[in-house]
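We will go from one stop to the next, with something to pick out at each.

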Amino acid sequence: MSDNRIVRAAAVQIAPDLDRPDGTGERVLNAIAEAAAKGARFMVFPETFVPYYPYFSFVLPPAMQGAEHLKLYERAPTVPGPLTQAVAAAARRHGAVVVLGVNERDHGSLYNTQLVFDADGSLKLKRRKITPTYHERMIWGQGDGAGLDVVETAVGRVGALACWEHYNPLARYALMARHEEIHAAQFPGSLVGQIFADQMEVTIRHHALEAACFVVNATGWLTDAQVAQVCPDERLRGACRGGNCTAIVSPEGRHLADPLGPGEGILIADMDLALVTKRKRMMDSVGHYARPELLSLVHDDRPASFVHRPIRSQSASRSLDHEQFSASDEPPPGGVGSDGPDRNTDGAPDQRVAILRR
C-alpha cells in the first residue's frame, strides 16, 4: 500500500454497563457511530470491554468470586455470535476498522480476546491474551501463538496486544517482524491508580518508537457508582480508580492529541502513514538495524490443540503430526519447523523469525 495515507483514529474510553447483559454491546455500537460521524476509520475499545473487565477479581478473595465469575460466564459473548454479527455490521456500515476487547466464552473457559473487524465487516483476527496477569489467571485461560499476527486491513497492517503483553518484548517483536503499521493497545483502566497510567504511557510510546508504528491505546473507565458497586468495601475502592491513559502515539513517540485521564471520551487524531517509513529510514529494528545472525525469535504460530494423533511410523516422526513434534525432530536448515524459514514478501528467507507451523 502507498505511504500517502491519512487515517483518522479513535480511541474510545467509556464505561461499560454492569447491569444489563447487552448494555455494553449497545454502548459499543453507539460509540462506533459517534466516532464515524467524526470521520474515524480506525477505532479501538478497551481490554475485555464486553461485557466488562473482571474488576471483581482484583478486589474479592477467591472464595467470594464464584457468583461474579458465573455472571461473567453468562454474559460473555461467543465468537462468532450475535455480538460479533452486530459489530461486523456496524463496521461495514461505517466503513471502519474496529478493534474490540471481549471476554470470549469457549464452552467451559473464558479468554481475554481481541477482535479486529475490517471495514467490510469481516473478522480479520481473533487472538487471545497469551498469559493473563496476576489475578486474571483465576478468570481466563491462556492464548496461543497463532494470535501473534498482523493483518492487512482497509487502513493498513494492524496488530494488537492486551495490557501487560506489552511487557513481553518477544511478543511485541513477533508483531514488529510482521511489519505492523498500526498497533492497537488495550488496557482495563480504572485500576491500580495513577502509577498504572504513568507506566502505560511509557510503554506505548516505547513500542511506537521501537516498532516504528502508530499506537492507538484505549483504557476503560468506571463511574464512582460503578466503583462502589464493584467494591462494597470502601477501603478497596482506591484499587479501582486511576490507570487511565487513552492515547494515540506516532512512530516518533509523540502524542497526536492530549491523552485522556479519568472520565469518558473519544480521542480523535489523524495518523499520517508516511511517518512509518520516515522512522524506519533511521531505525528499522526488523530490517537494516537487526542482527538476525546474532539474535532471532522462534515463534510457534500453531493454534493450540487438545487432541493429538499418535505418531505411527518412523517417516511420520520426521514431521509434524497434527500439531505435534516428535522428540526426534530436528530443525531443518535455516529455520525451525516443517516449512523451513519464514519468508519475506519477495520470497526470500526471513532470518529474523523462525516459525513452527503445521
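Start by selecting helix α1 (residues 23-37) and helix α4 (residues 82-94), which pack at an angle of about 10 degrees with their axes 10 Å apart. That angle makes α1 roughly parallel to α4, a label for angles under 35 degrees, while over 145 is roughly antiparallel, 65 to 115 roughly perpendicular and the rest oblique. Axes here are lines fitted to C-alpha atoms, for helices over the stretch in contact, and angles run from 0 to 180 degrees between N-to-C directions. Helices (H or I, at least four residues) and strands (E, at least two) are DSSP runs, numbered from the N terminus.

A word on what you are looking at: this is a predicted model, in which local features need pLDDT of at least 70 and side-chain atom pairs count only at pLDDT 80 or more, while totals for chains, interfaces and linings use all residues. Residues are numbered from 1 along each chain as its sequence is written, and side-chain values use heavy atoms, with hydrogens and water left out.

Now show side chains between the two helices. From α1, Gly25, Val28, Leu29, Ile32, Ala33 and Ala36 meet Leu83, Ala86, Val87, Ala90 and His94 of α4; contact means heavy atoms within 4.5 Å. Stay in helix α4 and pick Gln85. Gln85 is exposed, at 56% relative accessibility; the cut-offs are over 50% for exposed, under 20% for buried and partly exposed in between (1.4 Å probe, protein chains only).

Zoom out for the whole chain. It has eight helices and 15 strands, and 54% of its 358 residues are buried. Of the contacts with a separation of 6 or more, 68% are between residues 24 or more positions apart.

**The six-stranded sheet**

Next, select the open sheet whose six strands run in the order β5-β4-β3-β2-β1-β11, with mixed pairing. Its edge strands are β5 and β11 (265-272), each of which pairs on one side only. Two strands pair if DSSP finds at least two bridges between them. On average, neighbouring strands of this sheet are turned by 25 degrees against each other, direction ignored. Helix α3 (residues 66-75) packs on the sheet, where it touches β3 and β4 (109-117), and its direction makes about 40 degrees with that of β4.

Inside the sheet, look at β2 (residues 42-44) beside β3 (residues 97-106): three bridges join them in the parallel sense. Met43 has Val98 of β3 opposite.

Then move to Gln13 in strand β1 (residues 6-13). Is Gln13 buried or exposed? Gln13 is buried, with a relative accessible area of 0%. Its side chain joins that of Thr246 in a polar contact of 2.6 Å and reaches the backbone oxygen of Gly263 at 2.6 Å. A polar contact is a pair of N or O atoms within 3.5 Å; within protein, one must be able to donate a hydrogen and the other to accept it, and residues adjacent in sequence count only if both atoms are side-chain atoms. Leaving aside residues up to four places away in sequence, Gln13 also touches others, including Trp221, Asn244 and Leu260.

**The five-stranded sheet**

Now pick the open sheet of five strands in the order β6-β7-β8-β9-β10, again with mixed pairing. β6 and β10 (247-249) stand at its edges with a single partner strand each, so one side of each has no neighbour in the sheet. Select β8 (residues 182-187) and β9 (residues 214-219), which pair in the parallel sense over six bridges; Gln186 has Ala218 in β9 as its bridge partner. Helix α6 (residues 194-211) lies across β8, β9 and β10, and runs at about 160 degrees to β9.

**Two last stops**

Select Glu136, in the loop between β5 (123-128) and β6 (151-153). Glu136 is buried, with a relative accessible area of 2%, and its side chain makes a polar contact of 2.6 Å with the side chain of Tyr53.

Finish at Cys231 and Cys240. Cys231 is buried at 1% relative accessibility, and Cys240 is buried with a relative accessible area of 1%. Zero disulfides turn up in a search of the whole structure.

Key: Disulfide = S-S within 2.5 Å.
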